[in-house]
Amino acid sequence: MTHAHIDHIGMAPWLVAAYDTTLHGTAMTADVSDIMWSDTYKVSDIEGYPLGWDKRDKDLALGAWCPHDLGDWFPIGSWNCRLHGAGHIPGAAMIEIDTPEARILWSGDMDTRDSPNAAGAIPVECDILCLEGTYGGRSHRPRDQEEARFVAKVLEVVSRGGIALVPAFASGRGQDILRILHKEAPRLDVHYDGMGTRITKEWLGNPELIRNPEEMKKAFRWSKRVSGKSDRKKALRANVIVTTSGMLDGGPALWYLNRLRHHRANAILLTGYQAEGSGGRKLMEEGRISIFGSLTTIPLEIEKFDLSNHGDHAALSAFARGCAPSDVVIFHATEEGRQALHDELAGETRVHLPTNNAPILVGG
Ligand SMILES: [Zn+2]
Ligand SMILES: [Zn+2]
């Protein structure tokens, strides 16, 4: 298990229940998994979509964790494995697997740049590299410039008498936002709501996996954590509200949006990817969003910032070259994204673009 985002650990309870699987990962991933699985269970229950596992499977999975420190070798049958920091979010790991036939590196989600909370990933020499390709074919603006643009916009909104609503993912982006604001605009009144507050507490129990953990601790204490209804009303007088969900698909963000929409000085600052069909995407494209079942026009300033924690095309290519593999397998990518990485690397190494259920031959 590379890290605790739900697109990576979401089916683990099913796996454990069906195959009695042991879950290897960092202690941070194990600690955060409980919150992520419980939330997924709750949302699937409310929205009525089938999940493939139940509460009992989740409890089994919680008991199946076998945590490891970064860099420590551990055996699985005839394989030897160890975890390396992947950037992306604290506790995210790449998995190096030394088998009798080949050395494999599974990247998980990764970034070679330092972010406020995670140190960038470093290449690991291997024969077969399984590489994520989220940003294949695309490039990020320099991170410091994008952070500065974000802070400037927050200050502009506050100086005109508005509140900046910052929807942010619970596991990674929200904490990065707190770090940026605490460092660059410490006089602001910043309130922090949603599942991220609980995840941050788990993070702080594993400080060795956070970049400059003391700064995270300070930023968390500096923010006003919202833990009940009266806190939520107080937050309506804040300068900035950082909360879930990051794509405006639920969570306290919609509650706040429903109240903040009446005052034109307020603004919505999106800080992450807005998937097709998400509330945030609809808001960007149509200026409207469904709030508690009714389609509502939002006459506020909306701005999006690229604070991604994935390596871009240049970073992924440089990382792949640094690993010097004979084969690269691209996953976690769009068709355009993986084609771009294929075209970039195919002259130097065999590049595989797998499809579901079709075996691929590596090293042959
Ligand atoms: Zn991720
Ligand atoms: Zn992912």
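Mentor: Let us start with a term: domain bounds come from an automatic or database domain assignment. For this protein, that assignment gives domain 1 (1-67) and domain 2 (143-304). Residues are numbered from 1 along each chain as its sequence is written, while chains are lettered from A and ligands numbered from 1 in the order in which they are written. This is a predicted model, in which local features need pLDDT of at least 70 and side-chain atom pairs count only at pLDDT 80 or more, whereas totals for chains, interfaces and linings use all residues.

Trainee: What separates the centres of domain 1 and domain 2?

Mentor: The centres, taken over C-alpha atoms, are 26 Å apart. Nine residues of domain 1 are in contact with nine residues of domain 2, where contact means that the C-beta atoms of two residues, placed from the backbone, lie within 7 Å. On the side of domain 1 that touches domain 2, the residues divide into five nonpolar, two polar and two charged. Here Ala, Val, Leu, Ile, Met, Phe, Trp, Tyr, Cys and Pro count as nonpolar, Asp, Glu, Lys and Arg as charged, and the others, Gly among them, as polar.

Trainee: Okay, and helices α2 and α4, at what angle do they pack?

Mentor: Helix α2 (residues 12-19) packs against helix α4 (residues 55-62) at an angle of about 85 degrees, and their axes are 8 Å apart. That makes α2 roughly perpendicular to α4, since angles of 65 to 115 degrees count as roughly perpendicular, under 35 as roughly parallel, over 145 as roughly antiparallel and the rest as oblique. Ala 12, Pro 13, Trp 14, Val 16 and Ala 17 of α2 make the contact with Asp 57, Lys 58, Leu 60 and Ala 61 of α4. Two terms need stating: helices (H or I, at least four residues) and strands (E, at least two) are DSSP runs, numbered from the N terminus. Axes are lines fitted to C-alpha atoms, for helices over the stretch in contact, and angles run from 0 to 180 degrees between N-to-C directions.

Trainee: Switching to sheets, in what order do the six strands of the open parallel sheet come?

Mentor: The order is β10-β9-β11-β8-β12-β15, and the pairing is parallel; two strands pair if DSSP finds at least two bridges between them. β10 and β15 (301-304) stand at the edges with a single partner strand each, so one side of each has no neighbour in the sheet. Helix α5 (residues 143-159) packs on this sheet, touching β8, β11, β12 and β15, and its direction makes about 170 degrees with that of β12.

Trainee: Which residues of β11 are buried?

Mentor: Strand β11 (residues 240-243) is covered on both faces, with Val 240 and Val 242 buried on one side and Ile 241 and Thr 243 on the other. A residue is buried if 20 or more other C-beta atoms lie within 10 Å of its own, exposed if 12 or fewer, and partly exposed in between, with C-beta atoms placed from the backbone. Strand β8 (residues 164-167) runs parallel to β11 and is joined to it by four bridges, and Val 166 has Val 242 as its bridge partner. β9 also pairs with β11 in the parallel sense, over three bridges, and there Tyr 192 stands opposite Val 242.

Trainee: And Thr 244, why does it count as buried?

Mentor: Thr 244 counts as buried because it has 25 C-beta neighbours inside 10 Å. Thr 244 is found in the loop between β11 and α10 (252-260). Although Thr 244 and Met 195 are 49 residues apart in sequence, their C-alpha atoms are 6.8 Å apart in space.

Trainee: Which strands make up the open sheet of seven?

Mentor: Its order is β3-β4-β5-β6-β7-β16-β17, with mixed pairing. The edge strands, each pairing on one side only, are β3 (74-76) and β17 (350-352).

Trainee: How many bridges join β7 to β16?

Mentor: Five bridges join strand β7 (residues 128-132) to strand β16 (residues 327-331), and the two run parallel; Glu 132 has Phe 331 of β16 as its bridge partner. Helix α12 (residues 313-323) packs on the sheet, touching β6 (103-106), β7 and β16, and its direction makes about 165 degrees with that of β7. Four of the five residues of β16 are buried, so this strand is largely enclosed by the rest of the structure. On β16 and β17 together, helix α13 (residues 335-345) lies across both, running at about 165 degrees to β16.
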